[in-house]
Structure formats: structure tokens, C-alpha cells
Amino acid sequence: MTEILSAAPAPASPLRLFWREFRRNRLATAALAVTVALALLAAFAPLVAPQNPYDLAHLSLADARRPPGYLGTGGYVYLLGTDPQGRDLLSAILYGLRVSVEIGLAAGCIALTIGATFGVLAAYAGGWIETLIMRAVDLQLSFPAILLALVLAALLGQGKAQLVTALVAAQYAYFARTAYGAAAAERRKDYIEAAMATPLGAGRVVFRHLLPNCAPPLIVVATVQIASSISLEATLSFLGLGLPVTEPSLGMLISNGFPYMMSGRYWISVYPGLMLILLIMAINIVGDQVRDQLNPRLRR
Amino acid sequence: MSAVLEVRGLRTEFLTAAGILRAVDDISFSLSAGEIIGLVGESGSGKSVTGFSLLGLIDPPGRIAGGSVRLNGAELVGMTPGELRRRRGREIAMIFQDPIATLNPLLTVGQQMAMALAAHERVSTKAAADRCTEALARVGIPSPRARLSAYPHEFSGGMRQRVAIAIALLHRPAVIVADEPTTALDVSIQAQIVAEMRSLAREFGVAMIWISHDLAVVSGLASRILVMYAGRIVEEGPAARVLRDPRHPYTCGLLDSLPAATAPGVPLRQIPGAMPSLLALPPGCAFQPRCACATPDCAVAPEMTVERDRSWRCFHPAGVASERVAS
Amino acid sequence: MLGFVVQRAFQAFVVMVVMSMIVFVGVYAVGNPVDIVIPPDATQAMRAEAIHRLGLDLPLWQQYGVFVWRLLHGDFGRSFVYNMPVLDLIGGRLPATLELVLISILFATGVGVSLGVYAGVRPSGLVAKSIMGLSILGFSVPSFWVGLILILTFAVSLGWLPAGGRGETVEVFGVPWSFLTLDGLGHIVLPALNLALFKMAMMIRLARAGTREAMLSDTVKFARAAGISEGTILRRHVLKLISIPIITVFGLELGSTVAFAVVTETIFSWPGIGKLIIDSIGVLDRPVMVAYLVLTALLFVMINFTVDLVFAAIDPRVRSGKTRT
């Protein structure tokens, strides 16, 4: 039965075909649009935000913790209200988004590079190097990332670089395992064995054959891991282990608003939270669709 | 002889994003008690879908779009799922290509056989064990009682397929659809299974539809052969005559590509090209783009030509044309 | 079977040794806890005395030796901050975490697997789509934010359930439990739900993917061709086929739920070991950190070991030494 259905018209370029299939899922297309829009908002936050939340000259404590739509002393309408320091919440959210995206991307990309390097190295080298790397990776994978990130963030102290280090250490293993899986499968094929026998083989094998074969699964893992770094960063910041208070990410904003929640000033926590969820969910939906499309077992 | 299975104008369609795909198009044949027919074609010709359609096992987005399947006189097309289920396994059974995939690796053979038994009969555990032992013994599995508590991975490929056959035979169905049952097996085992199936069919009077891409396997087994191409039957007739004196160019191509048809050292002949997509069939005869005999006439779809006990769907049948030239 | 158990037990032992080293070096390499235990105006002599008393003047490998020696005698040291044996400190908090984690994961698995199997059987229905929407939501929303919303909705706005604490407890075998009293049960609902949501999303996905794959398998087709009813196929074949990945994930998630309890316990002021470790991290209370990490590692290793054994019990192929697929 399946063989008949796969006898579709001759394929165009694989990328275009991929995009055509992707576009058929309207939810995923919308999620992709949201992801791109949020990334642009984050990149251009200083131009888009009505206020610079770090500029102390703008802040007045008289305007602190005001509800959404409040008309401030400066004649300025706070669309989403203000936070405990009297900052415009909308602006704080946009700047917070910028910090969250920045950290998520940095952690994701560095973890991808390190993880893919380890994974491909293990698959290429084989022998004791393979055993050593993959044992370490498997050991780490049996522990939840959040615990590792928590301890590292606590030990390294506050700051962007420290936080990214903690996130990378917690997540590189996922990339390593994925890259290893794809590369090892390819490595066992005869033509690679043959290429390895020639002196010019090594670089060619790694860059022409092993890495390209790891790319599709790595892309899927990367989307998931970027979303999860953003979530992890927010969690750590919420627990007070992430970024310094001077540069609040979305998680920090939520944490700042937590004490006021009990007294009904919900917006300080809820709006940054909604932004955070929108961001993570959009990335996850895109990642889901890409994974479904790349998974040969669900294909018909 | 009365027909146990009577198929008329069967059509099965799949709804795909690119349009309606007609996987089985106007298939008709009948099967007498104890008869074995071979359903032959390349992958994608629709032979497996035909098999599944007979049992009413077409899942959405597929559906049986028309025609009639009468089993022991009862019409299966349009029957409720419950009534169909009560007939499956009891009156018509099916075995599959890959015995590793068909048996559940996590249940013992005895558990799986008992499940199949309980689907149609209420039997005590003791009686079920006896029946299953007997069924395993019938298909030639040594020490069947002890093997009931074994798991599928403890059997060899051929033995696993025997277990599947034993399950199919549990309720002594009138018809068994065998979908490439020997393709995944070693050649030596293939011959054993084929011989086993032939004797079982004779012994129990089970009629069989043997689906295969391999004319060589079918030739030693079937009394009649149906050749399918792109969802349609292109040639039908008694096995010996179809094999010795094929009419349709596609059947000729299949026969030519058999290793036995070629002298040693000469490259095997192939049918040029590949089967067209069922979504983009050429107008007229579907085989025309690959056919050496094609002429402008072939732009119109040929009807079945019936001659005594055989028929074909071609304007330029092989044996007939040469006879005409000769006369 | 015995060889299998011995082999896995040895692996578990090696993992524990490696983990204890990493944890020890990791935790002891950073910061100086002496500053916490001595008054800021302490003299150099007092400082040196404190360092000596805590054994911090020894080389690291000797400190590790002392640590392991004590560990083997059930001595995890004393908390710098609470000034009591760490084991007592953790032991007192452990039941709270255990009941929270177990209730959450059982709930998550029960509900998640049922919903996932349903969505897998009828993948194109509206219900299935809603279930998958729920699972994407549960996957994406950070757990701490869910906690906030639960508190805001059920504690602050509706006032139905308490926002924090364990409530009334009952002692069984000398251990206090919340879930046995009505008040305690009320207290545990929100944190347990909070902790369960992410796991439930995961179980839904897993069960759905497994069910979809199983429903398309030849095993199911063959069972259908034999006239076996859909209900029986679902109960006997599909549930059995998807049980292996579900048990794996259940085991792994049991451990990660203990880790995630850190967040939930902090939000709901649940007095378990998660809250303890966060507090200890804040003040660099090394013995507590090390003990928590080593015990968690032990828990993980034990869970993995158990999962392997359960595998062997379910999958005959593993039992007989063939690779599992």
C-alpha cells in the first residue's frame, strides 16, 4: 500500500519540497512567522520599545506597580502597566525578550558546536576515544539538565557568560548523542571505510559525509534545545540563580512580580510570562513540524 | 465447482493531497474451493491493496469505492465492521510477507494463537492449548506443545512463517490471502513453505490467492494466474498457458526477466522504464510508455479480450498477432 | 538472567564512583565556605583553626578519601548552616518530596498514557488535536510559570486551595505524610498538578507516537486479519508494544521529577529536599549540596538499574541477551 502512495510526481529541489510540505501545516507556518517576528522584535528592541527600561532618568517610583493602561505622571500611557521599579512593562518585556533570545541562541549554538564536534569525533575516531566520549555523554544524559544547570549556575555565580556556560554544559550532551548517532551510522558504510584508507580522506570524510548527515537531526535538536535553554534560563533566573538584576530577562521579570501576585497585581508576572510562552511554544511547534517531516517512519 | 470467492469490478481508492489515487481498478475474478491462483505484478501494481481489500482492511484515507466481493455467497462490500470482523480469520484469512513483523515479539506464540482462537470461539484454556498444539503440528513444527510457550524470536524465519500459517489455518477458512509469504525467506526455506502450503490447501480444501512479484514461485503453485499492472488486471488465464504462451507484452517482459529464461552469460533482460505514478497515468493503456509493441491505437484504453478460458487487455497480444501473420 | 543482573549492578557501581568524584571535585573546587562558618571579624588564628576543623587544609584527594570513608559509614558530614548531620536533615525532608513526586508522576503517567493512546488511535479527530494542543502547551510553558498561574487562579482568585506548605500530616511508621489527611491532600493538589503537567505532556507524546506506529505495524494488521477485535488489539498488542518506551521514560522521568521538584517546592514553599538544596546553594552549604547530589545520583542509578530489570521482565529478547530494538 505504502509503495503506491510514495510514487508521487518527480521531486523538485529537496529544500523547496520541504518548504512546500511545511507550508501545508498552517499552525506550523503561523508559528514560524511568530518566531521570526519575535526574533526581529528582540533584535530591534531598543528601536521598538517606547521606553528604555535601563535608563534611570525615565523611572519614577510614583508610577510603580500601576495596572495596564495607566496614564503616568509624564503623560505617558503604560499599555501593560508598570513593574515594581516604575518601568514601563511593555518596554521591559521587549528588553527581556532580547536578553532571553540572546542567551538561548548563544547557549544553543555553542552547545551545538561543542556537541557536534564531540559526537562526530567519537564516531570518526572510534576505539577508546569513542568509548570515553560516549560513556561520559550517556552518563550525563541520565541526569536531568535542570539539576546540572542549577548546580553550575550556583557555583559559577551570576552573569551572562556564567549562565551560558551552565546552559551549554547542561545541554551539549543532547547534541553529541544526536550527532554521534547519525555520524556513526554513516561511518559504518563501506564507501567511508574506503575513503578513510586514502591519506586525503580524513577532512573530506568529516566535512563532506559525516557532518552533512548529522545536519537534519541536529537542526531538530537545536530548535528544541534553544527553546529549552530559554525556558531553563527563565527558571534559573526565577530561582535567583541566573542573571544579575540589572539586566532582567523574561524569567527575572516574572520573578520580580511574584511577590505582588498575592495582592492581585497579576500583570507584572503574567505578561512577561505570556511572552515567554509564546516564544517557546512557537519554536517548539516549528521544531515539531520539522521533526515530523524528517522522520522517515511517519512518512507515507 | 462453485466459487467460494467471487470478485466483480472491485475498485479501491486512496484520497491523497495530490488527488484520488486508484490503486485497484475494476478487478474481477473468482476462486473455487481448493483452488490456488497467483496474483502477479511489480511493486506498486496494486496486488497487496487488492488482498487487503478482500478482507475489508483498507484504512482511511483509502476506501473501497465500488464493486462486489462475495465470500461464500455473502456480500462483503458495505458490510458493517463488526460483521466483517466476524468473518475475518474464520472464513477468510491472510498471511504477510515478513514473519518477524507480523508476530508480536513480546507475547508467546501460544498467547498469540489463543487470541486468534478466542476471536471467534469460546474455548477453555485447556482446549485452546490443545487446538494450538494441533495447529502447530499441522504446519510441521517439531514438539509443538513445548513451542507454545516460546517467543517469536526463538523461532527461525521459516518457522515463524509456519506459525503465521498455523494461525491463519486455525479456523479452517475457505480462503487464504497470502501476500508474498516467502519473499523474506531463504530460497531453500521458500520451497519448503510453498510445498507445505500446496499440501495444506489440498488437504483442507482451502482456496488461496498467492500474491507475488515472482512468477517463478507462482508457476509451481497456482492453477490460474492474474497479472496486474497499475491497478488493473492485464492478463488472466490458466497458469501453464500464461507462462508458456503469454499474450500481454507486460507478461512477456516479466517472463523474459526471469533468470531461467536467459542463457547463462547473457545479461538478464529487463522491462525498460518504471511503473508510472498512479496519480499520473498515461492516457489509454498504462503500459504503453514501456511497451515495445505500442502503436497510436494504444492511446485508447483497451478492453479485456476474452478467448475461451483466458483473457488479456491489449491491442497487440503477443501470441495472437504472430498467428495472424502466419495465416 | 543472573549474569545480566551482576553486569548491570557492576555498571551502576562504577557510575556511582565516577559521580561521587565529579560531584566532590565540582562542589569543592568553588568558593570558600570558611567565610560562612566564622564571624567576619575572626582572627587569622580562628580562621586557620576552622579550616583545620573542617578538614579544608588537606589536599583534595585526601579530602575525597575522608569523604568516601565517612560516606561508607553513613556519615555525610554536618551542615555548616544548620549544624546538624546532613543525613538527618535530608531524611527529615525526604518524605515530603517523595510523596509529591510519586503522586505527580503516577497521575502524569495514568492520564498522559490514556490521552496519548486515544490520540494515537484516532489521530485526525478533533479530540486528538485538542489533546496534542494540550501537550504542546504543557511542553512549552515553563513549570514555574504554571505554578504561578495555578496559585493565582486557585489560591488567590478562587480561594479554593492553599498556596503553600504541607498542611496537616499523619505519621505512619514515624514518617509524616500529607496525602493521608484531607487538609494535606488539599495542599498537595496544586504542587502535584504543577509538577505533573510537563511529564504528562511528555507521556502523551510518547504514547501517541508509539500507538500510531504500532497501529500501522504488521503485527496489528495481522491481528486484524485474524478477526481479533479492535479492543483486544489495543489491550493486548498495542499497550504491550508501547510499554517499553513508556517504562524507560517513566524511570528516567522519576529521577528528573525529583530534580524538577526543586522549582515546584520553591514556588509552593513545599518543605522537601528541593527547597533545601536551593537554600543550601544560596549559602554554599557544601555538605548538604554534596549529599543531595550524591543521593540524587544514587537514586538515578538505582532507577536505571530497576528499569533494566523491568525491561528484562517484559521483553524476552533482552532476557536472552539479544539487543533490544
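# A guided tour of chains A, B and C

Begin with chain B: of its contacts with a separation of 6 or more, 65% are between residues 24 or more positions apart. Two residues are in contact if their C-beta atoms, placed from the backbone, lie within 7 Å. The model is predicted, so local features need pLDDT of at least 70 and side-chain atom pairs count only at pLDDT 80 or more, whereas totals for chains, interfaces and linings use all residues. Residues are numbered from 1 along each chain as its sequence is written, and chains are lettered from A and ligands numbered from 1 in the order in which they are written.

## Stop 1: chain B as a whole

Chain B holds twelve helices and twelve strands. Its radius of gyration is 21 Å, close to the 20 Å that the globule rule gives for 327 residues, so chain B is as compact as a globular protein of that length. The radius is taken over C-alpha atoms, and the rule is 2.2 Å times the number of residues to the power 0.38. Helices (H or I, at least four residues) and strands (E, at least two) are DSSP runs, numbered from the N terminus.

The C-alpha trace of chain B spans about 70 × 50 × 40 Å along its principal axes. Of the 327 residues of chain B, 47% count as buried. A residue is buried if 20 or more other C-beta atoms lie within 10 Å of its own, exposed if 12 or fewer, and partly exposed in between, with C-beta atoms placed from the backbone.

## Stop 2: paired strands in chain B

Select residues 3–16 and 62–71 of chain B. These are strands E1 and E4, which pair in the antiparallel sense over eight bridges; two strands pair if DSSP finds at least two bridges between them. Arg8(B) stands opposite Ser68(B) in E4(B).

Most residues other than glycine have a negative phi.

## Stop 3: two arginines in loops

Next, select Arg172(B), in the loop between helix H7 (157–169) and strand E7 (175–179) of chain B. Although Arg172(B) is not a glycine, its phi is positive, about 50 degrees. Is Arg172(B) buried or exposed? Arg172(B) is exposed, because it has 11 other C-beta atoms within 10 Å.

Now select Arg308(B), found in the loop between strand E11 (305–307) and strand E12 (310–312) of chain B. Arg308(B) has a positive phi near 50 degrees and is a residue other than glycine. With 8 other C-beta atoms within 10 Å, Arg308(B) is exposed.

## Stop 4

Select chain C, which has 13 helices and two strands. Its C-alpha trace spans about 85 × 55 × 35 Å along the principal axes. Of the 325 residues of chain C, 41% count as buried.

Show chain B and chain C together. Their contact takes 21 residues from chain C and 26 residues from chain B. Helix H9 (218–225), helix H10 (230–267) and helix H13 (316–319) of chain C each supply at least two residues of the side of chain C that touches chain B. Which element gives the most to this side? H9(C) does, with six residues. By class, this side of chain C has seven nonpolar, six polar and eight charged residues. Ala, Val, Leu, Ile, Met, Phe, Trp, Tyr, Cys and Pro count as nonpolar, Asp, Glu, Lys and Arg as charged, and the others, Gly among them, as polar.

## Stop 5: annotated spans in chains C and A

An unreviewed UniProt entry places the feature "transmembrane region" on several spans of chain C, including residues 100–121 and 133–157. Such annotations may be inferred rather than shown by experiment; feature names are shortened and positions follow the numbering used here. Residues 100–121 of chain C are 100% helix and 0% strand, with end C-alpha atoms 32 Å apart. Residues 133–157 of chain C are 92% helix and 0% strand, with end C-alpha atoms 26 Å apart.

In chain A, the UniProt annotation "transmembrane region" (unreviewed entry) covers spans including residues 103–125, 163–180 and 266–287. Residues 103–125 of chain A are 100% helix and 0% strand, and their end C-alpha atoms lie 32 Å apart.

Finally, select helix H12 (residues 267–294) of chain A. At 1.5 Å a residue, its 28 residues should span 40 Å, and its end C-alpha atoms are 40 Å apart, which agrees; the expected span is 1.5 Å times one less than the number of residues. H12(A) is mostly covered, with 20 of its 28 residues buried.
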